[in-house]
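Could you walk me through how the helices in this model pack together, and point out a few residues that deserve a look?

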Amino acid sequence: MSQPIEATASLAPVEFYFDFTSPYGYLASEKIDALASRYDRRVKWRPFLMGVALKATGAGILTRLPLKGEYALRDFARSARFLDVPYTQPANFPLATMQAARAYYWLHDRDCATARAFAHSLYRGYFIDGRDISDPEVVLELAARHGADRATLAAALNDAPLKERLKAECEAAIARGVFGSPYLIVDDEPFFGVDRLPQLERWLASGGF
């Protein structure tokens, strides 16, 4: 189980924006903590909703685009093999991740390590086991595995404060220029896509280029 990486006080964290329905976000989630730790950085995980980004950019869902969609499905699986990450294309794809993201922030406000472990369970549940993580019952089950009080979280998921929290996070992501998943920012330099991890690593190693 991955744990949050502690950084020295002088080094800014890597900000990791992602959606739980994003295959490339999932692949990045399996690599980013270890990569950052090699350079004494921690990672700030920040789920948002791809639907908000698609609306802002006017883009469509990748797998439903002519020509690009068929390629994307092939690339998801090939990228997973290249990165040696287990992957099974979900039958229900994409799906809504509002409940999953809200639950993440609820857990994060209580314990960062628990939220990180929960995020891995969501991603692996979806992209390995084919779980329907848009279902609140699945979200609650996975959160409970990590010690969350199921009844308290269930009530919070439908309350205004948590809804507003996720809305604010999405607005903040768009304000930072986030338009897809994964989107990583370090030292104010943005990197989009799991295939940019080598560039991000060189940036961390060299202090920029």
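Here is a short tour of helix packing, a few individual residues and some backbone details.

This is a predicted model, in which local features need pLDDT of at least 70, side-chain atom pairs count only at pLDDT 80 or more, and totals for chains, interfaces and linings use all residues. Residues are numbered from 1 along each chain as its sequence is written, and side-chain values use heavy atoms, with hydrogens and water left out. Helices (H or I, at least four residues) and strands (E, at least two) are DSSP runs, numbered from the N terminus.

- Two packed helices are described by the angle between their axes and the distance between the axes.
- Axes here are lines fitted to C-alpha atoms, for helices over the stretch in contact, and angles run from 0 to 180 degrees between N-to-C directions.
- Helix α5 (residues 98-108) packs on helix α7 (residues 136-145) at about 25°, and their axes are 9 Å apart.
- The two helices α5 and α7 are therefore roughly parallel to each other (angles under 35 degrees count as roughly parallel, over 145 as roughly antiparallel, 65 to 115 as roughly perpendicular and the rest as oblique).
- The crossing of α5 past α7 is right-handed; a crossing is left-handed if the near helix is turned anticlockwise from the far one by less than a right angle, and right-handed if clockwise.
- On the α5 side, Q99, A100, A103 and L107 meet P136, V139 and A143 of α7, where contact means heavy atoms within 4.5 Å.
- The residues of this contact of α5 with α7 divide into six nonpolar, one polar and no charged (Ala, Val, Leu, Ile, Met, Phe, Trp, Tyr, Cys and Pro count as nonpolar, Asp, Glu, Lys and Arg as charged, and the others, Gly among them, as polar).

**How covered is α5?**

- Helix α5 is mostly covered, with nine of its eleven residues buried (buried means under 20% relative accessible area, exposed over 50%, partly exposed in between, with a 1.4 Å probe and protein chains only).
- Those buried residues are Q99, A100, A101, R102, A103, Y104, Y105, W106 and L107.
- The buried residues of α5 pack against β2 (43-47), α6, α7, α8 and α9 (160-175).

**Helix α6 against helix α7**

- What about the other partner of α7? The axes of helix α6 (residues 112-127) and α7 come within 9 Å and cross at roughly 135°.
- Helices α6 and α7 are therefore oblique to each other.
- As α6 passes α7, the crossing is right-handed.
- From α6, F118, S121 and L122 meet V139, L142 and A143 in α7.
- The residues of this contact of α6 with α7 divide into five nonpolar, one polar and no charged.

**Residues to click on**

- T21 sits in the loop between β1 (14-18) and α1 (23-29), and T21 counts as buried at 9% relative accessibility.
- A polar atom of the T21 side chain lies 3.1 Å from the backbone nitrogen of L95.
- Leaving out residues up to four places away in sequence, T21 touches F93, P94, L95, T97, Y126 and F127.
- D75 belongs to helix α4 (residues 68-83) and counts as buried at 12% relative accessibility.
- The side chains of D75 and R78 are joined by a polar contact of 2.6 Å (a polar contact is a pair of N or O atoms within 3.5 Å; within protein, one must be able to donate a hydrogen and the other to accept it, and residues adjacent in sequence count only if both atoms are side-chain atoms).
- G147 is in the loop between α7 and α8 (150-157) and counts as exposed at 64% relative accessibility.

**Backbone details**

- The peptide bond from F93 to P94 is cis, with omega near -10°, and P94 lies in the loop between α4 and α5.
- The peptide bond from S181 to P182 is also cis, with omega near 0°, and P182 lies in the loop between α9 and β3 (183-186).
- D84 is not a glycine, yet has a positive phi of about 60°; D84 is exposed, with a relative accessible area of 68%.
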